[in-house]
Amino acid sequence: ARVLRDGEWRIVDSKSLVPGDVVSVKMGDIIPGDIRIIRSEEMKVDNSSLTGESDPLLRTAECTHPEDPLKTANLAFFGTICNEGEGEGIVIQIGDSTIIGQIRNLAVTERREKYPLKKELDSLISYITFLTFFLGVLFLGLGFILGYNPVFNLICVIGI
């Protein structure tokens, strides 16, 4: 990421960005964090990874939808691509605090509960497993009591 630090532009790893850094983005760059646009020269961003919209969206310094950050024109989001133009912005969120990070956390921390059909199938599988084991032991014991060949008894148990 190209960052303005101590009055000069530097190239730094995106992982070292902090909120408040001023970053420069040009065509082909991946947005390094959630940024508020402060200067735009026909900057268009592909938000398809977030919204599914395939058309590049124009980013400006003007806040167009203060109630919905995904629709406002003055925000660009981490992981999206600058398709056209260039611009500068102030980093407002990094890492798990970004929009894409929040989506990732929702997907990872979602508690999976068993559905009724899954519970019933698990119960049925347990019952069949117990019944099969019980019948195998029963026939093995009966085979020995009735004097059948031990190899024949084992083959019958394996068959069950």
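Mentor: Before we start, keep in mind that buried means under 20% relative accessible area, exposed means over 50%, and partly exposed lies in between. Remember also that this is a predicted model.

Trainee: Is N153 buried or exposed?
Mentor: N153 lies in helix α4, which covers residues 150–159. Its relative accessibility is 4%, and because buried means under 20%, N153 counts as buried.

Trainee: Which residues is N153 in contact with, leaving aside its neighbours within four places in sequence?
Mentor: Contact here means heavy atoms within 4.5 Å. With the neighbours within four places in sequence left aside, the residues in contact with N153 are L140, G143, F144 and Y148.

Trainee: Where do F130 and F134 lie, and what kind of aromatic pair do they form?
Mentor: Both F130 and F134 lie in helix α3 (residues 116–145), 4 residues apart, which is about one turn of the helix. Their rings are 6.4 Å apart centre to centre, with 20° between the planes. Because planes under 30 degrees apart count as stacked, the pair formed by F130 and F134 is stacked.

Trainee: What kind of aromatic pair do Y148 and F152 form?
Mentor: Y148 is partly exposed, with a relative accessible area of 45%, and F152 is partly exposed as well, at 43%. Their ring centres are separated by 5.7 Å, with 40° between the planes. Planes under 30 degrees apart count as stacked and over 60 as edge-to-face, so the pair of Y148 and F152 is tilted.

Conventions. Residues are numbered from 1 along each chain as its sequence is written. This is a predicted model: local features need pLDDT of at least 70, side-chain atom pairs count only at pLDDT 80 or more; totals for chains, interfaces and linings use all residues. Side-chain values use heavy atoms; hydrogens and water are left out. Rings of Phe, Tyr and Trp (its six-membered ring) pair if their centres lie within 6.5 Å; planes under 30 degrees apart count as stacked, over 60 as edge-to-face and the rest as tilted. Helices (H or I, at least four residues) and strands (E, at least two) are DSSP runs, numbered from the N terminus. Buried means under 20% relative accessible area, exposed over 50%, partly exposed in between (1.4 Å probe, protein chains only).
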